[in-house]
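Please have the sequence and the structure open while reading. The paragraphs below go through helix packing, aromatic pairs and a few loop residues.

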Amino acid sequence: MSSTLYSLHVDLPSGGIDRSYPIVIGHGVLGDGEGFAELLGDSPVVLVSNDTVAPLYMSRVRDALGKGRKVTEVILPDGEDQKHLESANQIWQKALEDHHERRSVFIALGGGVIGDLTGYSAACFLRGVDFIQLPTTLLAQVDSSVGGKTGVNHPLGKNMIGAFHQPRAVLIDLDSLKTLPDREFAAGVAEIIKYGCIWEPDFYHWLLQNSDALLTRNNDVLAEAIHRSCGIKAAVVAQDEREGGLRAILNFGHTFAHAIEHVMGYGVWLHGEAVACGMVMAAKISAARGQVSEDMVTGLISFLEAFGLPVEPPPAMSAEVFLNAMAGDKKVLRGKIRYVLLERLGCACLVEDVTTEEINQILMK
Ligand SMILES: NC(=O)c1ccc[n+]([C@@H]2O[C@H](COP(=O)([O-])OP(=O)(O)OC[C@H]3O[C@@H](n4cnc5c(N)ncnc54)[C@H](O)[C@@H]3O)[C@@H](O)[C@H]2O)c1
């Protein structure tokens, strides 16, 4: 039995066709045969997962897709280091061998790696087929599955090859979080508090008040946190689908985070862990500029620490190391490093004038 707790829509400017799509949040969603039948009709499916998530959830989804449907399963090795063109090629190979067609739908069952990879494969297959996101990590549920950024890594940079390709639906099964390791859960929490920082002070305070319940994965609190996060991401994406401006505020903490991930080697710090530290750095600079209070920074640090998230950068990373690493980021525009700071709590701004001195100051604190 499935129960839907929340459903919302990502409304996109039409351009002649309706590209808006639903986000459904509930229990038992992965096994909801009626829900899949309604979304898919009799479309054939390419179901992509990895060798960690597939043993846990693949058969549930497979059963829900129904016996009469053609389903090609692709199970890739787990890991960020598998998010490359050769994995996309494996998906295309299987899809072609099984004679999939334009009305076939790709389904991503897994975290952000599988979501990004499957979405990109769908964007390119036969010049673009539909895909559905079944995100199973907290990070993927509140962030990567929504918004249509898809892609793979290149030896010369993370997420450097990709496409904007919006899913047909995002189906979030809260039950899948029961098997998620604590460290991965915490990485998702970092992205959740980000939304409160940049968009909604009420949500920020609500999270601080409910941190204990979130820590114990209380169902109601978790569902509400995911719902509110998806609502904010949907609102931002609806206004700026291709990151011409506003969408860049979602990168709060990410400029510093990408530098940490790059210097430490990808996978040493989880993305959400690096974002947690990056948000603290950006909040400290905002506080030093008098834009948010020191209390706000302290509150953010305590919240993140409760989840075991890092709030200090690696000791070996000086301002110069950060600047060098950030100069190679794809967020650099016309040679300038762009930072997302807080103009005030709940309102982010994009700036290019952060100085080496300011970074030195926060590293010394
Ligand atoms: N497209 C976007 O807008 C966007 C935004 C943020 C991040 N990303 C990308 O997302 C990726 C990170 O996503 P992630 O944090 O979900 O990592 P991930 O996909 O690597 O998943 C983390 C780990 O959890 C495992 N896992 C997944 N679901 C599980 C479950 N229910 N139970 C037990 N284990 C489970 C995975 O197999 C993996 O080992 C990165 O590649 C990043 O670039 C994309």
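**Helix packing, aromatic pairs and loops**

Helix H10 (residues 254-264) and helix H13 (residues 319-327) have axes that come within 9 Å and cross at roughly 95°. An angle from 65 to 115 degrees counts as roughly perpendicular, so H10 is roughly perpendicular to H13. On the H10 side the contact is made by Thr-255, Phe-256, Ala-259, Ile-260, His-262 and Val-263, and on the H13 side by Val-321, Phe-322, Ala-325 and Met-326. Sorted by class, the contact of H10 with H13 has eight nonpolar residues, two polar ones and no charged ones. The model is predicted, and this applies to everything described here.

The axes of helix H7 (residues 201-209) and helix H9 (residues 219-239) come within 12 Å, with a crossing of roughly 155°. Angles over 145 degrees count as roughly antiparallel, which means that H7 is roughly antiparallel to H9. The crossing in which H7 passes H9 is left-handed. From H7, Asp-202, Phe-203, Trp-206 and Leu-207 take part in the contact, and they meet Val-221, Glu-224, Ala-225, Arg-228, Ser-229 and Ile-232 of H9. By class, the contact of H7 with H9 has six nonpolar, one polar and three charged residues.

The aromatic rings come next. A pair of aromatic rings is described by the distance of the centres and the angle of the planes. Ring centres within 6.5 Å make a pair, and by this rule the count comes to six aromatic pairs. One of them is formed by Phe-106 and Phe-125, whose ring centres are 5.3 Å apart and whose planes are at 40°, so this pair is tilted. Phe-106 lies in strand S5 (residues 105-110), while Phe-125 lies in the loop between helix H4 (112-124) and strand S6 (131-135), so the pair ties together parts that are 19 residues apart in sequence. Phe-106 and Phe-125 are both buried.

Another pair is that of Phe-256 and Tyr-339, with ring centres 5.6 Å apart and planes at 45°, so it too is tilted. This pair links distant parts of the chain, with Phe-256 in helix H10 and Tyr-339 in strand S10 (residues 339-344), 83 residues apart. Residues under 20% relative accessible area count as buried. Phe-256 is therefore buried, at 2% relative accessibility, and Tyr-339 is buried with a relative accessible area of 2%. Phe-256 and Tyr-339 form one aromatic cluster with Phe-322. Phe-256 and Phe-322 were named above in the contact between H10 and H13.

The remaining residues are in loops. Most residues other than glycine have a negative phi. Arg-127 has a positive phi, near 65°, and is found in the loop between H4 and S6. Its relative accessible area is 77%, so Arg-127 is exposed. Arg-217 also has a positive phi, near 60°, and is found in the loop between helix H8 (211-215) and H9.

Lys-178 lies in the loop between strand S9 (169-173) and helix H6 (182-198). Is Lys-178 buried or exposed? With a relative accessible area of 64%, Lys-178 is exposed. The C-alpha atoms of Lys-178 and Thr-136 are separated by 9.7 Å, and these two residues are 42 residues apart along the chain.

Technical notes. Residues are numbered from 1 along each chain as its sequence is written. This is a predicted model: local features need pLDDT of at least 70, side-chain atom pairs count only at pLDDT 80 or more; totals for chains, interfaces and linings use all residues. Side-chain values use heavy atoms; hydrogens and water are left out. Axes are lines fitted to C-alpha atoms, for helices over the stretch in contact, and angles run from 0 to 180 degrees between N-to-C directions. Helices (H or I, at least four residues) and strands (E, at least two) are DSSP runs, numbered from the N terminus. Angles under 35 degrees count as roughly parallel, over 145 as roughly antiparallel, 65 to 115 as roughly perpendicular and the rest as oblique. A crossing is left-handed if the near helix is turned anticlockwise from the far one by less than a right angle, and right-handed if clockwise. Contact means heavy atoms within 4.5 Å. Ala, Val, Leu, Ile, Met, Phe, Trp, Tyr, Cys and Pro count as nonpolar, Asp, Glu, Lys and Arg as charged, and the others, Gly among them, as polar. Buried means under 20% relative accessible area, exposed over 50%, partly exposed in between (1.4 Å probe, protein chains only). Rings of Phe, Tyr and Trp (its six-membered ring) pair if their centres lie within 6.5 Å; planes under 30 degrees apart count as stacked, over 60 as edge-to-face and the rest as tilted.
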